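Hi everyone, thanks for coming.

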Amino acid sequence: MAPSTSPAADLAPAPGGAPAPAPGPVATTPRARRDGDVVGLGRARAVAFVAPALVLVGVFLVFPAAWTLYLGLLDYSLTGSGAQAPVFVGLGNYTSALSDPAFAKSLYLTLLFVGGSAVLGQNVLGFSLAWYFRAAQRPVRATLSVLVLLAWILPGSVVAFLWQALLDRRNGTLNALIGTTDMAWALDHPMAVIIVFNIWRGTAFSMLLYTAALSTVPRSHLEVARMAGATRWQQLRDVVLPTVKRHILTNTLLITLWTFNDFSPYLLTGGGPNRESEVLPVYIYKEAIIGGHLGYGSAISLLLLLANLVIAVVYVRLLRTREPEAA
Amino acid sequence: MRLPSRATLLVSGLATSVVLSGCVGAKSAEDKSDPKANADAKDVTLVISANDVVGGKNAAEASWITEKVIPGFVKAQKDKGVTAKVTFNGSGVEDEQYKTKLELNLKTGSGSDVFAADGIWLGELASAGYVKPLKDVVGDKPASWDGWSQISKAVQQNLTFKDQLYGVPNGTDGRVLYFNKKLFAQAGLPESWQPTSWDEILQAGQALKKLKGVTPIQINAGVPMGEATTAQGFLPLLAGTGKPLYDDGSGSWQGDTQGVKDVLGFYQKLYGGGLGDPRMQQDKAGRDQSFAEFSQGKIGILAEGDYFWRSVICPSKADCATTSMPDRDKVVGWAKIPAQKPKGGVNGQDFVSVSGGSGWMLNPKTKYPQQAWELMEFMASKEMQTELSKAQIRISARGDVNNETLKNDPLLSFISSEVLPLTTYRPSDEKYNEVSLAIQQATADVVAGKSPDEAAKTYSTSLEKAVGAEHVAGS
């Protein structure tokens with residue numbers, strides 16, 4: 001990315017590695033060359049082109065974020081006098097969130113959920129499946145990938161209902177299959193249930209991404225490694241992983257963020273029993289909507305947003321440091 | 001060209017947002033409803049909503065609305081030369097979810113013209129400005145309605161906030177202990193069981209525990225049960241310790257008091273001592289499970305309101321679906337809820353209960369306030385209430401209807417003659433919902449294994465946060 005021969009050398013490198021304009025016959029006038037206006041649109045038309053996107057970003061991203069920030073400073077509530085005339089409480093919501101043991105517990109459970117189901121579960125399983133598919137026979141590969149994809153494309157409500165039927169305490173499929181009676185899975189092992197559920201639900205994405213990534217590994221490299229006597233594990237470690245490293249990071253970034261904000265655990269356990277599986281999105285829902293504390297909910301939402309940003313920044317940094325190696 | 005930098009973008013975005021946002025809340029205080037709006041309209045559109053759905057939850061009431069109320073009202077309007085289009089917007093969800101949906105609807109200025117609401121929500125809704133007194137929305141007409149003379153003051157109180165009426169009551173209820181006579185016979189307990197103290201409930205539980213596959217006692221606890229935990233479990237028990245939750249005189253709520261600790265201790269004996277099924281109280285669908293198990297004869301004693309009798313275990317398969325009990329009248333017995341010990345309840349009573357009642361409220365944003373009120377009047381008319389009791393007998397708000405219908409149902413006449421005189425009501429305070437949530441959490445803690453003292457302490461902290469420390473009475 002970012003070829004050094006770009007005529008727009010005086011343009012500050014776009015943050016986030018946006019593709020630099022390619023040199024072409026259009027960018028011929030000296031003025032365009034100086035301004036980087038390679039397409040020759042002129043300022044007004046360029047603004048007209050980006051305006052719709054900026055408006056969308058402003059209305060659907062910046063505005064809600066600022067609105068959340070504002071609400072988080074009020075004792076705004078869904079009902080009662082706090083809905084009629086909210087009082088400004090400054091950082092009160094933030095301090096009470098940070099001192100609330102339920103919030104700390106919820107944060108811990110969220111990290112457990114993200115770590116267990118996304119970073120480890122979906123990543124490893126998705127990679128293993130993709131790796132296995134390379135050598136697998138066509139019918140096996142087709143059947144398996146359809147099954148995995150099915151878990152991904154079914155609507156959430158349908159899936160939640162299926163899982164409730166699977167895990168039900170009285171007449172659940174799982175209890176019938178393994179011959180246990182009166183095992184209330186969602187109550188006795190709530191975190192394990194939502195982690196396994198999310199692995200099952202989300203592995204397809206990692207599998208698809210890694211399948212594509214693995215196809216970029218040059219066969220010749222693997223053959224050379226094999227001829228040099230490398231074991232399968234050594235081939236994986238020394239040839240494949242370095243090549244797909246960036247894919248792994250990208251994939252991990254995406255599934256981490258999705259899982260962090262995932263609300264579907266609520267459909268399975270409702271955050272219970274007694275808050276044992278109350279991940280942050282569920283905690284926010286319960287505080288803001290059920291408890292009616294919209295201001296407090298907004299404050300925690302903003303904390304969640306910050307956590308997301310931190311994760312994103314860390315991954316983007318990691319990606320950048322890998323750039324020279326990958327080039 | 002140089003694109004605007006990120007900082008510029010962010011600043012302009014922020015500026016736009018601030019302009020757009022203005023400030024929340026203050027708007028609703030300004031707008032005045034106009035009672036005379038569209039009073040002479042020839043075409044009227046109204047929407048009724050309730051937590052009822054044909055073929056599902058509260059099916060009988062849903063059919064009553066769609067088959068009796070709407071056609072009747074449309075015909076009555078047609079006779080006056082008005083074309084009315086009335087639709088029913090039903091739902092069949094947990095009450096908490098219905099409440100949330102209702103609040104969000106009212107908040108955004110949408111929502112049905114006439115909607116069902118639990119009287120206990122009134123404090124919150126009115127303080128938020130989501131509902132307004134009838135006389136502000138409709139004018140003088142409601143005050144002169146002849147139906148009020150048939151509705152007792154106590155029942156009117158359910159839809160009254162700060163001395164203003166906000167709607168028309170639909171009925172009232174009372175809580176009792178239901179028990180399965182078949183199981184009682186097997187356990188050697190009397191068919192006409194009436195415990196006089198908490199200990200006697202526990203003793204019956206011990207006897208029932210010997211039966212295989214039977215959960216002896218289920219008294220609602222925990223957060224998933226929502227208001228059922230507070231109204232059917234905690235509050236009747238607390239009333240049995242002698243003091244109500246909220247003291248009107250001093251304006252204080254019971255915090256970490258002996259009474260609260262006793263109630264939580266009772267829960268511990270139930271769920272820690274193998275008399276109740278703690279996991280059912282923690283399950284998301286626990287209340288529905290308790291309904292199903294009671295109807296299958298797997299629960300010995302269950303504390304519930306009369307809703308349970310008429311809407312959950314009624315003999316009619318069409319109305320009560322999978323939880324219907326064809327042999328209900330033979331198998332199911334009931335008893336008053338005893339105080340902790342004789343004469344130990346509020347006002348020195350031997351027995352206690354908690355009552356509430358829902359009603360029909362009016363959306364202040366309705367386009368047709370006069371016609372909406374006529375619809376409410378029609379729904380609460382003697383004719384329509386009699387029709388409702390035919391579909392599903394219940395304690396109507398109207399005395400004239402009760403006189404004719406309740407004698408047909410042994411439990412409802414029992415509640416109206418034995419329970420309502422000694423019942424207690426929940427405080428109609430805007431903070432009640434939050435207090436109720438703290439109560440649910442306290443019972444959940446005990447069910448999950450914490451000690452009553454510990455749970456009471458956490459409860460007291462949440463309570464102080466909700467209502468302010470100066471309004472909490474300690475031990």
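Let's start with one residue: which backbone oxygen lies 2.5 Å from a polar atom of the side chain of Thr252(A)? Take a second to look for that one. Before I tell you, please keep in mind that this is a predicted model.

Okay, the oxygen belongs to Ile248(A). Now, where are we in the chain? Thr252(A) sits in helix α12 of chain A, which covers residues 232-260. The side chain of Thr252(A) also makes a polar contact with the side chain of Asn123(A), at 3.0 Å.

What else does Thr252(A) touch, if we leave aside its neighbours within four places in sequence? The list is Val119(A), Asn123(A) and Tyr315(A).

Next one: is Thr252(A) buried or exposed? Thr252(A) has a relative accessible area of 7%, and the cut-off for buried is under 20%, so Thr252(A) counts as buried.

Let's zoom out to the whole of chain A. The secondary structure here is 15 helices and 0 strands. Out of 327 residues in chain A, 39% count as buried. And if you take the contacts in chain A with a separation of 6 or more, 66% of them are between residues 24 or more positions apart.

Now for the domains. Chain A is divided into domain 1, residues 40-88, and domain 2, residues 100-326. Our Thr252(A) is in helix α12, residues 232-260, if you want to find your way back to it. The C-alpha centres of the two domains of chain A lie 31 Å apart. How many residues of domain 1 of chain A are in contact with domain 2 of chain A? The count is 9 residues of domain 1, touching 10 residues of domain 2.

For the two domains of chain A, the buried area is about 690 Å², and carbon and sulfur atoms give 74% of that. On the domain 1 side, the residues that lose the most area to domain 2 of chain A are Thr68(A), Tyr76(A) and Leu78(A), together 54% of what that side buries. By class, that side of domain 1 has 6 nonpolar residues, 3 polar and no charged ones. Across this interface in chain A the rule finds 0 salt bridges, and 3 residue pairs in polar contact.

Over to chain B. Here the assignment gives domain 1 as 6-172 plus 358-409, and domain 2 as 175-354. The C-alpha centres of these two domains of chain B lie 31 Å apart. In chain B, 14 residues of domain 1 are in contact with 11 residues of domain 2.

These domains of chain B bury about 920 Å² between them, with 33% of it on carbon and sulfur atoms. Which residues in domain 1 of chain B lose the most area to domain 2 of chain B? Those are Glu94(B), Glu96(B) and Gln392(B), together 35% of what that side buries. The side of domain 1 of chain B that touches domain 2 has 5 nonpolar, 4 polar and 5 charged residues.

Technical notes. Residues are numbered from 1 along each chain as its sequence is written. Chains are lettered from A and ligands numbered from 1 in the order in which they are written. This is a predicted model: local features need pLDDT of at least 70, side-chain atom pairs count only at pLDDT 80 or more; totals for chains, interfaces and linings use all residues. Side-chain values use heavy atoms; hydrogens and water are left out. Domain bounds come from an automatic or database domain assignment. Contact means heavy atoms within 4.5 Å. Buried area is the accessible area (1.4 Å probe) that two parts lose on being put together, summed over both. Ala, Val, Leu, Ile, Met, Phe, Trp, Tyr, Cys and Pro count as nonpolar, Asp, Glu, Lys and Arg as charged, and the others, Gly among them, as polar. Helices (H or I, at least four residues) and strands (E, at least two) are DSSP runs, numbered from the N terminus. Buried means under 20% relative accessible area, exposed over 50%, partly exposed in between (1.4 Å probe, protein chains only). A polar contact is a pair of N or O atoms within 3.5 Å; within protein, one must be able to donate a hydrogen and the other to accept it, and residues adjacent in sequence count only if both atoms are side-chain atoms. A salt bridge is a side-chain nitrogen of Lys or Arg within 4 Å of a carboxyl oxygen of Asp or Glu.
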